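Please read it with the structure open.

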Amino acid sequence: DDECGVCDGDGSSCSSVSLLLGNFTDSTVDILYIDASDDISGYQFDVSGLDVTGGSGSGFDITVGGGTVIGFTFGDFLPSGTGVLVTLEHNGATAESASLSLGNFGAITDGNGNAYATVDLGEDLFFGPADCAGVFGGNAAVDECGVCGGNGIADGTCDCDGNVLDLCGDCNGSCVAAISL
C-alpha cells in the first residue's frame, strides 16, 4: 500500500494543496500555495475579477490569457509545504471581488505529474462596488456640482459656475452697493 492506503498506488489519491490570493498591490497579486503534500510541477487555474496581464516567479514558464493562468517547469519543482506559486500582474479589478477556480480543465500537478486529489481555493479578495468613475473599490464620489471626483463649489464662490456673492448677498447678483436704513 502507498501512503494513501491504496494497493500499488502512487500516493496521489490523498494529495492536497490550498491556493490563496495573497499580497495585493495596484499592479500585482501573489498566488500562494499552502500545505502542499508533495512538490508542484505545474498548474492551470482561472482568476476572475482581475484583468490579469502576466505572471512571473518560481522559475516556471508562465502563460496568461483570458483569465487562465498556466505554469509548468521541466526543471526545478516547487517544494512541498508553503510558498508563492506565482506573482500575477494585473490592470485592476473588473468586478467587486477576485476569486480562483480550476475552471473546466484546471489542476495543480505534483512532482510526478499527477493532479492533486484535493485543491482548496481559499477566500475571495473583496474590492467593493464600483465608484462613480467605474473603479471597483474606488473612493471617487459625485460632488455637489454633479462632477465625479470633483471638488465641489470652490472657495470664495457661491455656485458651481464660479459666481460670487454681490454686495447684497445674492449669488451672481448685480447689486453694487448695500443700502442700510
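This is a predicted model: local features need pLDDT of at least 70, side-chain atom pairs count only at pLDDT 80 or more; totals for chains, interfaces and linings use all residues.

1. The largest nonpolar core holds 26 residues. Leu 19, Ile 40, Phe 45 and Leu 85 are those with the most contacts inside this core. Two or more residues each are contributed by β1 (16-24), β2 (28-36), β3 (42-48), β4 (50-56), β7 (81-93) and β8 (97-101). The largest share, four residues, is that of β2. In soluble globular proteins, nonpolar side chains tend to be buried together.

2. Phe 45 deserves a look of its own. With its neighbours within four places in sequence left aside, Phe 45 is in contact with Leu 19, Ile 31, Gly 67, Thr 68, Val 69, Leu 85, Val 86, Leu 100, Ser 101 and Leu 102. Two of these partners, Leu 19 and Leu 85, are also named among the residues with the most contacts inside the core.

3. Ser 18 sits in strand β1. Its relative accessible area is 18%, so Ser 18 is buried, the cut-off being under 20%. Residues up to four places away in sequence not counted, Ser 18 touches Leu 32, Tyr 33, Ile 34 and Asp 120.

4. The disulfide count comes to four. One of them joins Cys 132 to Cys 148, with an S to S distance of 2.0 Å. This link of Cys 132 and Cys 148 is right-handed, with 85° about the S-S bond. Both cysteines lie in the segment after β11 (125-126), so the pair ties together parts that are 16 residues apart in sequence. Cys 132 is partly exposed at 37% relative accessible area, and Cys 148 is partly exposed at 33%.

5. A disulfide is also formed by Cys 145 and Cys 160, whose sulfur atoms are 1.9 Å apart. The link of Cys 145 and Cys 160 is left-handed, with -90° about the S-S bond. Cys 145 and Cys 160 are again both in the segment after β11, and the pair therefore ties together parts 15 residues apart in sequence. Relative accessibility is 26% for Cys 145, which counts as partly exposed; Cys 160, at 45%, counts as partly exposed too.

6. Cys 168 and Cys 175 form a disulfide with their sulfur atoms 1.8 Å apart. The torsion about the S-S bond of this pair is about 40°, so the disulfide is right-handed. Cys 168 counts as partly exposed, at 42% relative accessibility.

Technical notes: Residues are numbered from 1 along each chain as its sequence is written. Side-chain values use heavy atoms; hydrogens and water are left out. A nonpolar core is a set of buried Ala, Val, Leu, Ile, Met, Phe, Trp, Tyr and Cys residues joined through side-chain atoms within 4.5 Å. Buried means under 20% relative accessible area, exposed over 50%, partly exposed in between (1.4 Å probe, protein chains only). Contact means heavy atoms within 4.5 Å. A disulfide is a pair of cysteine sulfur atoms within 2.5 Å.
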